[in-house]
Amino acid sequence: MATKKVTVTIPEDLLDEIRADAAERGLSAYVAEALRFKRDRDRLLELVDWLQEEHGRITKDEHGAALVELDELDAEHERRRTAGKHNGGEAA
């Protein structure tokens, strides 16, 4: 993948924290990952806005049901992750 060097200004205290977190993978990889995450989040927010324009805002009940489903998915993910550690890393 092609790369291009750029100059950015980052608050010093934040840069110190990022360098500590980025350690092995490097600052460039850390920043690229953060920028991809931010770009993806912005795109998802655009999608949410569009869906709400098309279909209306979600209700409190719909929001609550979605949170319950997310909790269930998180629990299943954690169960599979934990099971994978106990069986030598085989797929669950």
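Colleague: In what order do the elements of the protein run from the N terminus on?

Modeller: They run α-α-α, where helices (H or I, at least four residues) and strands (E, at least two) are DSSP runs numbered from the N terminus. The protein has three helices and zero strands. This is a predicted model, in which local features need pLDDT of at least 70 and side-chain atom pairs count only at pLDDT 80 or more, while totals for chains, interfaces and linings use all residues. Residues are numbered from 1 along each chain as its sequence is written, and side-chain values use heavy atoms, with hydrogens and water left out.

Colleague: How many of the residues count as buried, and by what rule?

Modeller: Buried means under 20% relative accessible area, exposed over 50%, and partly exposed in between, with a 1.4 Å probe and protein chains only. By that rule, 4% of the 92 residues are buried.

Colleague: Why are the buried residues of α1 said to lie on the same side?

Modeller: In helix α1 (residues 12-22) the buried residues are L15, I18 and A22. They cover an arc of only 65° around the axis, which puts them on the same side of α1; the arc is that of the directions from the helix axis to the C-beta atoms. These buried residues pack against α2, contact meaning heavy atoms within 4.5 Å. The face turned away from them carries the exposed residues D13, A20 and D21.

Colleague: What makes a set of grid points a pocket rather than a cavity?

Modeller: On a 1 Å grid over the protein atoms alone, a cavity is a set of points where a 1.4 Å probe fits but cannot get out, whereas a pocket is an open set with protein on both sides within 12 Å along at least five of seven lines, and lining residues have an atom within 4 Å of a point. The largest pocket is lined by 16 residues, of which K4, V6, S28, V31 and A32 lie nearest its centre. Helix α2 (residues 27-55) gives the largest share of that lining, six residues.
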